[in-house]
Amino acid sequence: MSHHHRTHVTRALSPRGALSLHAVDGALLFALRAALAMALPAAPLVLSGRTALAVFPMLGAFTTTFGRNLPYRRRARVLAVAAVAMTMCVGLGATLAALTDPQAGGIGTAVVIAAMAVTAGLAKFLCDATRLSGLGAVLMLFSFAVAANGPADTLSDVLVQTGLAATGAATAWALALVGWFVHPDRPQRLAVAVALRELADLLEPAGGADESRQTRHRATAAVLRAYQSLGLCPLTTDQRHGERSGTCVYLTDLAWSVLITSARRQAPDAPTARYLRVQARHLTVRYRRLPSPLPHPMSPTALSGLSAATAIGHPDEAGPAARRAAELTVGPGVASPGHVAVLVVPAFRMALGTGLAGGLAAFLSFGHGYWAALSAAAVLHSVNVRSTLQRALQRTLGTAAGLLIAFGVLATHPAPTALVALIVVFEFLLEYTVARNYGLGVVFLTPLALLLSDLASPAPVGTLVHDRTLGSVLGILIGLACALLVVHGRPAARVERALAACGEASERAEQALAGSAAVPHSAVQTQLAVAVVELREADDAAAGELYAADVDPARLAAAEQRAYVLLEHLHRTIGRHAPRPRPCRTRAMNPAHSTGVDGTALYYGDLDAPHVLEVFVELRDRASHRMADSLLGTIRQAADDGKFVAKFHFAATIDDTVGGSGSRRALSALAAASDVGQRQFVDYLTALFASQPVPPGDDQFSDVSVLLSLADQVNGLRNAEFDTKVTAGTYLTWAGEVLGNFDSFGVIGTPVVRYDDEVIPVVKTDGGPAITPQEFLERLQPSR
């Protein structure tokens with residue numbers, strides 16, 4: 001065996017990562033929903049004294065484990081299919097129990113074992129094909145096994161049990177969609193938060209080159225999944241800007257821009273990483289409305305393409321590239337060329353292991369022999385040999401701890417009602433922990449499964465624990481044996497295909513950059529991003545198999561690096577050539593002291609001053625308020641001294657996301673103040689910020705009477721002409737143009753201050769002042 005192959009085998013057999021914990025957003029609510037899905041349909045049966053039947057709606061309620069964080073529209077479709085599948089598993093299992101009587105042994109047991117193997121293989125294949133991660137396939141097999149080894153004696157029993165399972169599945173489906181009416185964008189917010197955190201990890205590298213490539217892969221895949229959750233594709237340019245407004249889209253665009261422009265970055269970027277993590281925390285808080293994005297504390301130079309690339313299309317409107325991007329989440333479908341072969345072997349492993357473990361348990365006369373089959377399936381419900389070993393270790397430790405808990409619970413001989421309540425509690429703990437670490441989830445899965453089994457077919461405590469122990473040991477050993485012996489070269493072939501596809505996508509990108517490609521740059525960019533993600537996923541899958549892929553790691557690294565560099569060039573090119581959004585003008589007069597294209601900036605000072613200070617603010621934004629409170633007086637004095645002319649640009653992110661028209665109304669009044677004079681303009685701007693409504697969601701500035709009362713604080717401002725302009729909304733059309741033009745400056749968040757195109761940081765990540773007035777003036781010195 002060569003040194004390279006020994007190294008590969010060592011890596012494949014390493015259990016590294018088996019005990020790590022993962023952060024999961026929304027775990028508490030998901031666990032509560034899962035527990036409630038079990039409790040609601042079981043409660044009437046318990047109260048009516050038919051506790052033994054409560055197990056069947058509980059099995060149907062396992063439907064909730066599918067589509068954990070899918071957007072609600074897709075979740076409704078996925079869970080509907082899962083509910084039917086779970087009901088069918090219970091119904092078919094109960095039918096076999098009635099027809100074959102597996103408890104009596106003989107041919108009935110053999111038929112049930114064979115059916116379990118087929119169910120395991122099909123469930124694994126379909127879950128992998130649709131990329132539905134989690135315990136879905138194992139729970140489908142568990143539902144089938146419990147029903148097939150349960151108390152059904154007649155076909156009437158089968159109908160009752162199947163109907164109860166359908167009730168539980170329908171309850172789970174309904175509860176999973178309740179959030180659609182309360183927080184309809186919650187799944188999208190969580191997907192964007194994950195992307196921001198993965199990107200923050202990329203900007204704060206903690207490992208070597210290989211770890212950095214893994215981190216970049218996770219960040220790229222997470223950002224693409226965020227786009228897929230939003231029903232969008234990265235930065236295409238064939239629709240209007242207004243169609244992609246909103247905080248989640250804004251932050252996903254920001255993440256994509258930072259990701260692509262960081263391809264050549266060597267030094268860590270801790271400030272941006274902290275900013276992204278703060279934004280992620282804001283997204284995960286259960287606000288009824290999304291908060292507006294915090295101001296970005298860094299220079300927007302690297303992100304200048306974000307605003308210029310003005311639209312994102314829906315997947316079904318953006319062509320094959322968009323649909324291919326969506327496959328990162330939903331899978332390319334079981335009929336894709338070459339995809340079936342990759343899925344068949346893991347499904348065959350799971351079917352073989354399930355059948356062998358169940359058959360050997362029956363041959364050895366183990367009680368509850370299906371425990372061995374379930375344990376083997378749980379171990380083999382993984383991607384490759386390495387993940388199978390990790391799963392085996394996790395299951396061994398988790399089962400040992402879970403058996404102790406189960407023995408302690410069952411030793412108290414709980415009443416049926418208490419048994420059902422404990423099952424609900426363990427279901428909550430299972431769903432809360434399993435996404436963090438599978439082994440920790442098994443700690444609660446073991447007593448949950450034992451209590452469900454005892455509810456369906458009561459048995460002595462010692463017998464249950466003894467059978468589960470022997471079955472788990474046997475199943476884990478057979479699962480490991482199948483993983484090690486059933487080897488194949490499909491993962492290696494997948495790497496070769498992915499490498500070739502990445503090379504072809506890179507060539508198309510180079511042609512697009514050279515101007516010889518007919519495909520739009522945006523589509524080429526998406527295709528290349530998908531190709532580089534698939535390359536890393538293929539390599540990771542092959543690295544976990546004993547059959548090494550004969551591909552030079554240097555080729556893979558070079559292909560990835562080439563792809564990311566080309567993505568950066570494409571991103572910049574898209575931003576450079578994208579059409580700037582131009583609002584439709586119903587031409588009204590511009591206010592005095594306006595400048596820039598179409599007069600969409602208000603200025604203070606002398607336009608012939610030697611320098612230009614650009615100030616980007618939002619009248620309802622608290623960070624802009626803090627900046628104005630700290631620096632507006634200094635800016636005014638420096639402009640009076642002739643150091644620069646101050647040009648003010650205004651945003652309306654809070655109007656767009658939280659709702660209301662306060663920013664636009666206040667800007668219209670501010671334009672009327674500019675007609676009176678520059679001094680009145682700045683004094684009124686100061687008064688607006690000083691009286692800014694708190695919280696920002698309070699839309700007081702949309703009230704004309706409030707704007708007029710604030711004008712009373714400014715000497716020489718109130719007169720009949722000013723009042724008429726404010727009341728009649730003379731400058732509302734102009735204000736709309738100003739706000740619509742804001743994104744064309746490539747500025748991320750507010751406030752931002754630029755001095756001759758150099759950004760002066762004025763706020764911290766938390767929105768507080770980042771600079772004193774004296775430090776601000778020092779930044780204006782000629783030595784800089």
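Two strands are taken to pair if DSSP finds at least two bridges between them, and strands (E, at least two residues) and helices (H or I, at least four residues) are DSSP runs numbered from the N terminus. The structure described here is a predicted model, in which local features need pLDDT of at least 70 and side-chain atom pairs count only at pLDDT 80 or more, whereas totals for chains, interfaces and linings use all residues. Residues are numbered from 1 along each chain as its sequence is written, and side-chain values use heavy atoms, with hydrogens and water left out.

The chain contains 31 helices and 6 strands. Of its 784 residues, 58% count as buried, where buried denotes under 20% relative accessible area, exposed over 50%, and partly exposed the range in between (1.4 Å probe, protein chains only). Among the contacts (heavy atoms within 4.5 Å) in the chain with a separation of 6 or more, 80% are accounted for by residues 24 or more positions apart.

An open sheet of 6 strands was identified, with the order 1-2-4-3-5-6 and mixed pairing. Its edge strands are strand 1 (594-595) and strand 6 (758-760), each of which pairs on one side only. Strand 1 pairs with strand 2 in the antiparallel sense over 2 bridges, and Thr595 stands opposite Ala601 in strand 2. These two strands, strand 1 and strand 2, form a hairpin with 5 residues between them, and Gly596 in the turn has a positive phi of about 85 degrees. A positive phi of about 60 degrees is also found at His593, although this residue is not a glycine; His593 belongs to the loop between helix 23 (553-577) and strand 1, and is partly exposed at a relative accessible area of 24%.

Further into the strand order, strand 2 and strand 4 are antiparallel and share 3 bridges, with Tyr603 standing opposite Lys647 in strand 4. Lys647 in strand 4 also has Glu614 opposite, and strand 3 and strand 4 pair in the parallel sense over 7 bridges. From strand 2, Ala601 and Tyr603 point one way while Leu602 and Tyr604 point the other way, and all are buried. Strand 3 is likewise mostly covered, since 6 of its 7 residues are buried. Helix 27 (residues 678-690) lies across strand 2 (601-604), strand 3 (612-618) and strand 4 (645-651), and runs at about 110 degrees to strand 2, the axes being lines fitted to C-alpha atoms, for helices over the stretch in contact, and the angles running from 0 to 180 degrees between N-to-C directions.

A nonpolar core is defined as a set of buried Ala, Val, Leu, Ile, Met, Phe, Trp, Tyr and Cys residues joined through side-chain atoms within 4.5 Å. In the largest such core, of 92 residues, Phe62 and Phe142 touch the most other members. Helix 19 (residues 438-456) supplies the largest share of this core, 12 residues. When neighbours within four places in sequence are left aside, Phe142 is in contact with Leu59, Phe62, Trp371, Leu374, Ala449 and Leu452. Another core, of 56 residues, lies apart from it and includes Val617, Ala639, Val738 and Val753.

Helix 12 (residues 270-284) has 15 residues and reaches 21 Å from its first C-alpha to its last, close to the 21 Å expected at 1.5 Å a residue, the expected span being 1.5 Å times one less than the number of residues. Its buried residues are Thr272, Ala273, Tyr275, Leu276, Val278, Gln279, Ala280 and Leu283. Leu732, in helix 30 (residues 732-741), is buried with a relative accessible area of 17%. Although Leu732 and Arg664 are 68 residues apart in sequence, their C-alpha atoms are 6.8 Å apart in space; beyond its neighbours within four places in sequence, Leu732 is in contact with Arg664, Arg665 and Ser668. Asp101, placed in the loop between helix 4 (72-100) and helix 5 (107-129), has a positive phi of about 50 degrees although it is not a glycine, and counts as partly exposed at 41% relative accessibility.

A search of the whole structure finds 0 disulfides, a disulfide being a pair of cysteine sulfur atoms within 2.5 Å. Cys482 counts as buried at 5% relative accessibility, and Cys502 counts as buried at 1%.
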